[in-house]
Amino acid sequence: MPEIAFAGRSNVGKSSLINVLVNRKNLVRTSSTPGRTQLINFFQVNNQFMLVDLPGFGFAKVPLAVKKQWGPMVETYLSKRENLKVVVLLVDIRRTPGEEEQQLMSWLTAYSIPVLVVATKCDKVSKNEKARQAALIAQHMGLAKSDLHFFSSLTKEGKESLWKTIVMLHPDLVGESAGIAKG
């Protein structure tokens with residue numbers, strides 16, 4: 001099945017985004033403690049495609065041995081997975097993307113893997129701060145501001161827009177499942 005993978009720092013909101021996209025509260029377990037996702041988790045949607053939750057990077061409070069396993073595991077998945085159609089790279093709207101986000105973006109681009117950059121937690125900043133941070137994020141990620149997507153799991157801002165972009169990139173990916181973006 002085709003796969004959409006979600007990548008980003010620990011505690012950026014990957015699990016919450018996936019839950020909102022599929023209209024489920026607890027499909028993917030969420031935690032306020034960074035680093036709870038320690039494996040690559042696959043979620044089949046309507047027998048048509050998979051959503052893939054990748055372990056976060058950054059400030060996760062997990063043993064160093066576990067952290068060292070994440071890099072090779074995720075790199076192998078991203079470089080060898082034939083079913084991978086797009087990577088949704090999440091960045092926190094309140095932070096400047098770091099070296100890890102920039103390296104992942106460069107790496108995905110070099111491997112010709114389509115990337116959608118999504119700024120999460122948009123409900124936590126004012127409109128002015130959102131605009132200021134959007135410009136900063138776009139600059140650091142080498143994007144036009146118009147290529148940046150915005151999302152809030154609290155308000156559901158960006159849910160339909162993100163689905164529309166995914167469907168536009170890969171119409172065959174979700175077919176009739178695009179309807180899960182509503183409601």
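Let's start on helix α3, where Glu101, Leu104, Met105 and Leu108 are buried. By buried I mean under 20% relative accessible area; exposed is over 50%, and partly exposed lies in between, with a 1.4 Å probe and protein chains only. These four cover an arc of only 100° around the axis, so they sit on the same side of α3. That arc is taken from the directions from the helix axis to the C-beta atoms. Turn to the face pointing away from the buried side, and you find the exposed residues Glu99 and Ala110.

A quick word on what you're looking at. This is a predicted model, in which local features need pLDDT of at least 70 and side-chain atom pairs count only at pLDDT 80 or more, while totals for chains, interfaces and linings use all residues. Residues are numbered from 1 along each chain as its sequence is written, and side-chain values use heavy atoms, leaving out hydrogens and water. Helices (H or I, at least four residues) and strands (E, at least two) are DSSP runs, numbered from the N terminus.

Back to α3. Its twelve residues reach 16 Å from first C-alpha to last, close to the 16 Å expected at 1.5 Å a residue; that expectation is 1.5 Å times one less than the number of residues. Just after the helix, Ser112 takes a positive phi of about 55°.

Right-handed here means that, with the strands pointing away from the viewer, the path from the first strand over the helix to the second runs clockwise. β4 and β5 pair in the parallel sense over six bridges, and pairing requires at least two DSSP bridges between the strands. Leu89 has Val117 in β5 as its bridge partner. On to β6, residues 148-150: three bridges join it to β5, again in parallel, and Ala119 is partnered there by Phe150. The chain gets from β5 to β6 through α4, in a right-handed crossover. Five of the six residues of β5 are buried, so this strand is largely enclosed by the rest of the structure.

Finally, the core. A nonpolar core is a set of buried Ala, Val, Leu, Ile, Met, Phe, Trp, Tyr and Cys residues joined through side-chain atoms within 4.5 Å. The largest one has 27 residues, and Leu54, Tyr77, Leu78 and Val87 touch the most other members. β4 gives the most to this core, with four residues. Leu78 touches, among others, Leu104 and Leu108, with contact meaning heavy atoms within 4.5 Å.

Methods
Lists of a residue's contacts leave out its neighbours within four places in sequence.
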